[in-house]
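Q: Please take a close look at one part of this structure for me, and walk me through it in a single answer.

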Amino acid sequence: MTAIFTCPCTPTRTYQDCCGRYHTGQLASTPQTLMRARYSAFVKGDIHFIQLTTLPTQHSALDLKAITQWSNNSQWLGLEVLSEALEADQRHAWVKFIAHWQDELGTHQHHENSLFIKPAEQWYFYDPNIPLRAERNAPCPCGSTRKFKKCCAPYL
Ligand SMILES: [Zn+2]
Ligand SMILES: [Zn+2]
């Protein structure tokens, strides 16, 4: 018999039918789905997926060691996605969520309203710890082909 594992993000679904397929290469079609897959990757310690789904122009500044440590030292208890809001341009979106986790100090709730950006075909998480900056008329540092002022500037 094959073992069936529930998905960390949604206990009523199997990992295979939920976040598992995104961890093995399928692209998440909505920011909310990507948020869930990133949460499940944290639970599973799949730091490579966390890196892959962060805005590519932020990769070099990501502190993978700190992310790995945080993932290893926390026990994740659940995710609640509260809302997903797409901006009019369909390339920026906000996902409001609460992640529940536990470490040696106790249980914690992490509330966040995360920005997701779609520079071209794919949604990415914007890491607010690594702010993107550019001149207003320069190409947007998110990697899209538009000017900063017409792309990410209004949302940062
Ligand atoms: Zn899932
Ligand atoms: Zn941009």
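A: Let's start with a term: a residue is buried under 20% relative accessible area, exposed over 50%, and partly exposed in between, using a 1.4 Å probe and protein chains only. This is a predicted model, in which local features need pLDDT of at least 70, side-chain atom pairs count only at pLDDT 80 or more, and totals for chains, interfaces and linings use all residues; side-chain values use heavy atoms, with hydrogens and water left out. Residues are numbered from 1 along each chain as its sequence is written, while chains are lettered from A and ligands numbered from 1 in the order in which they are written.

Now to the zinc ion (ligand 2): its protein donors (N, O and S atoms within 2.8 Å of the metal, or 3.2 Å for Na, K and Ca) are the SG atoms of C140, C142, C151 and C152, at 2.2 to 2.4 Å. Along the sequence these residues follow the spacing C-x1-C-x8-C-C. The four donor atoms subtend angles of 108 to 112° at the zinc ion, so the arrangement is tetrahedral (four donors with all angles between 85 and 135 degrees). For reference, the ideal angle for four tetrahedral donors is 109.5 degrees. C151 is buried because its relative accessibility is 2%, and C152 is buried at 0%.

Next comes R146, whose side chain meets that of D89 in a salt bridge (3.9 Å, N to O); the term means a side-chain nitrogen of Lys or Arg within 4 Å of a carboxyl oxygen of Asp or Glu. The structure holds one salt bridge. R146 is partly exposed at 28% relative accessible area, and D89 also counts as partly exposed, at 25%.

Notes
Four donors count as tetrahedral if all angles lie between 85 and 135 degrees; four count as square planar and six as octahedral if opposite donors are over 155 degrees apart and all others between 65 and 115; anything else is irregular.
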